[in-house]
Amino acid sequence: MNKSITQATQDDKQISKSIKRFFTRFHISSALKVSNTYKKKGIPVTEIFQYLFLLIFSNRSMYMNLITGRNTPGFAKDTVYRFMKMIQINWIRFTTILSSRIIKEAIIPLDSKDRTNVFIIDDSMFERNRSKKVELLAKIYDHAKHKYRFGFRMLTLGWSDGSTFLPVNSILLSTENKKNRINEAVKADKRTFGYKRRKLSMEKGTSAMLSLLNTAKRAAIPAKYVLFDSWFSSPSTLHAVKGIGYDVIGMAKKTPKMFFRYNGEDMSLVSIYNRNKKRRGKSRYLLSVMVDVVKNGEIIPAKVVYVRNRNKRKEYLCLISTDINLTENEIIRIYGKRWDIEVFFKVCKSYLNLSRECNSLSYDAMTVHTAVVFTRYMMLSLESRESNDSRSLGELFLYFSDELSDITWIQAFQMLLQMFWTMFEENTELSDEKINEMMETFMNALPVMLKTQLHAA
């Protein structure tokens, strides 16, 4: 039993160092402070945030940790609940500042100057189907499952260089239609950030998107293009994003109600397509035309690229770019980066317990939970980038959580056996052979699962 530190122990220490290094390197405590996060008394808010951050890696909820007495914090659960319901904290600013620091300090210095950095905007369902008393709960149509569900639309602004994706900020959208809101917002001081995010949650998605984009603009996050799908690609949105200072590459709707000016005539994208001759052969695109995006008398030149739909060969997709200097192949290539945000949503829901970990009825608490999940993803994404690990983010998460959960009982059991061995040596006159024989008898009586884990360690 005289063994050195096990490999599992070494891995656990390395993981703990990685998490501690992440919090220290990017000054998460100062990011919280800048976002108006202060303690009223007692426990520093950084400790509470770190506890929430690490909760996922123990494979147990805070409630189960308190019941079992494992991984319990040095403060009461009410302290955590009060922290999550604080309305004066600007969580949109916190995630924006943190992502900005990671991008500028860890990613951009290693990127080529020719690499194209982009913002990506999309939304995903934040389900709360099991409760009807959640603040600002709304009846939302899930376009993936084609049915209405209770919850929110998690509108997210992300950043990508084509290799690494980082969430920048988000807002849980309720609905501007009062008839579809199950519950209204609680009363809050209009001077607080809690009131402002509640108000933002009841605006249209395109309006909330511009607010998130302006926040990222003020943080000076380097990006040239904004990518989004057809839900946001209206002429008014193209003008608004262009006014902020970014070019747009988006998927445009083939609706007869949306018009672009082509050869001096307002036409739909379908009419423009039917009027022109298509490219032959196996070209990456079928047609490319120049149009004007007109809104309130203002004109923005744009390039529309018609791409064959891989899933339905007889149909086509329309990509529109306000940067007319890009080639058709470049437009297609850059827009391909939009898929990064779909991967992000999948990882957050499948591995980081997005929406499932938080059962609070408070809108502020759900916002805190989202910020914590975003921070976890940032750490995993950076770890994957800097370690050049071929494993996926999901595998990296399982590596973190498995090691942290195993060490809580495997290492403790080994330390207990080591203590008994030392006690026998110092307090009895038994020989080493007799002690070994007793230990072997004890080990053979253990359950097979426990015995296998100990031998593996």
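Is lysine 242 buried, exposed or partly exposed, and what is its relative accessible area? Lysine 242 is partly exposed, at 32% (buried is under 20% relative accessible area, exposed over 50%, partly exposed in between, with a 1.4 Å probe and protein chains only).

1. Some ground rules. This is a predicted model, where local features need pLDDT of at least 70, side-chain atom pairs count only at pLDDT 80 or more, and totals for chains, interfaces and linings use all residues. Residues are numbered from 1 along each chain as its sequence is written, and side-chain values use heavy atoms, with hydrogens and water left out.

2. Back to lysine 242. Its salt-bridge partner is aspartate 247, with the closest N and O atoms 2.5 Å apart (a salt bridge is a side-chain nitrogen of Lys or Arg within 4 Å of a carboxyl oxygen of Asp or Glu). Aspartate 247 is buried, at 13%.

3. By this rule there are 18 salt bridges. One of them joins lysine 145 to glutamate 127, at 3.5 Å from N to O. Lysine 145 sits in the loop between β2 (138-142) and β3 (147-160), and glutamate 127 in strand β1 (residues 118-127), so the pair ties together parts 18 residues apart in sequence (strands are DSSP runs of E, at least two residues, numbered from the N terminus). Lysine 145 is partly exposed, at 46%, and glutamate 127 is partly exposed too, at 24%.

4. Aspartate 266 and arginine 261 also pair up, at 3.1 Å from N to O. Aspartate 266 has a relative accessible area of 44%, and arginine 261 has 29%.

How values were computed. Helix = DSSP H or I, 4+ residues; strand = E, 2+ residues; numbered from the N terminus.
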